[in-house]
Amino acid sequence: MGIVAGLDSSSTFTRIVVCDTDTGAVLRQGYAPHPQSAGEAVAHETDPQAWLLSLGEAAGGGLLEGVQAIGVSARRGLLALDAQGGLVRPALVGNDRRGQVAAADLVGALGGKAAWAAAVGSVPHPAQPIVKLAWMARNEPEAARRTAVLMSPHDWLVWQLLGRPARRTTDRADASGTGYWSAATGSYRPDLVELALGHQALLPEVLGPCDAAGMTPEGLLISAGTGETTAAVLGLGLGPGDAVVSLGATGSVMAVHHEALVEPGGLITALADAGGMHLPVVNTSNAVRALRGTADMLGTDLEGLSALALKSTPGAHGLVLLPYLEGERTPHLPHSAGTLSGLRRDSMKPEHLARAAFEGMLCGLVDALDVLRHRGVGIRRVFLLGAVAELPAVQAAAPGLFGTQVVVPAPADYAALGAARQAAWTLGVQQGTLAPHTPPLWPAPAAQVFEPGEEFAAWQAVRQQYVTTREQLHPGAF
């Protein structure tokens, strides 16, 4: 038996779980919000010192006593450092829309979407570090000129824990989200860094899933670490055949797969996962925002919208909502708007509109899932993440529309648990008790499981109604 810790530095807080290496049981937990400086007013920019302050507070009270190894997960972002290791500006994080022009410029500079997909498995978009580099070069040329080292938030935290050594590391999952490392080839594209920034910069060494980043001055083993999303996948214990559908304002669909997928149109982002496999991702611009917009229209909240929807029947009396309220990434319809079709006198009731909102949101995500299925990704289970996964209307419709078993995990700190599992894996490999190709087998999380059931044929008819409407209004969208 050993004890490890997993640390998740999220957008607003740090969460730490201390776990038993053999069973994954959570022994202790720590939490602290990120302090906000008085002058921090620009969205998508933050002082990373706040992450360290939060980490120290979360780890207080002897939380890490007896811990042998630590894993770190953190949100996506970019830290630009000078040659001495100092920050040239606050960290750039999140899906910063200021980078839209820079992203478009990068796409054109390399010769289009297909060229980027072939080079690094993704097409530039504002959440990627490479686009943040290009934005900085365009808008902050002095900061860009001083930039000598590039790191992600998780890289930087690991580096700080290790005492800022000369060696800087990352993992293949976080590297694959930068826009200048290819999951297919396992190598950096320094020429793309130069294309975006205007000159070369030092890039972290990419570690394998169970490699150690090093030892802290106090003798704690630090694992490679990873990004927040890939840590959550590891924490959920997902493997081939499993897909994750994340229900936020926007949506994402990802699945564990044995190889990197290249999609010339850019619908698929070819990420690596934290377990040695691959994690192709398809994003949508609209998910829960379609529900919130409908709830506002009907003067209710999400729980009320769910209750209303359940008063209707599958198919919403012919109403179909294409939920492209902010344009759409999948299919690629950036300038489209949402559409409500099938209006008849008997369908113009609140419960049918509520039902159409849930069905439209889920069918949009099925479109994204089908992008992966059509590329040969086998999917036997879909894990639904996000608060709205608990809504009865979602749970009633999702199995039939996705056409597979749906799992709704109990709320837990899966990113922190994934970081702890990685730490246990690294510790076990170092001690000779675990194989380097297999993470520790921790029990599956508590979850609700839903099957397509007897109404499967009816739900597939709903799905076909949606596809027919989409093709009528946006022919050839896919």
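Pro 331 sits in the loop that runs between strand 20 (320-322) and strand 21 (339-341). Keep in mind that this is a predicted model. The peptide bond joining Thr 330 to Pro 331 is cis. Its omega comes out at about 0°.

Next, the phi angles. Which loop holds Ala 316? The one between helix 11 (302-309) and strand 20. Ala 316 is not a glycine, yet its phi is positive, about 50°. His 317 is found in the loop between helix 11 and strand 20 as well. His 317 is no glycine either, and its phi is positive too, about 55°.

Are these residues buried or exposed? Ala 316 has 0% relative accessibility, so it counts as buried. His 317 has a relative accessible area of 41%, so it is partly exposed.

Now to helix 8, residues 190-197. Which of its residues are buried? Leu 192, Val 193, Ala 196 and Leu 197. Their arc around the axis is only 120°, so they lie on the same side of helix 8.

To recap. There is a cis bond between Thr 330 and Pro 331.

Note on methods:
Residues numbered from 1 in each chain as written. Predicted model: local features only at pLDDT ≥ 70, side-chain atom pairs only at ≥ 80, totals over all residues. Heavy atoms only, no water. Helix = DSSP H or I, 4+ residues; strand = E, 2+ residues; numbered from the N terminus. Buried < 20%, exposed > 50% of the residue type's maximum accessible area, 1.4 Å probe, protein only. Arc of directions from axis to C-beta.
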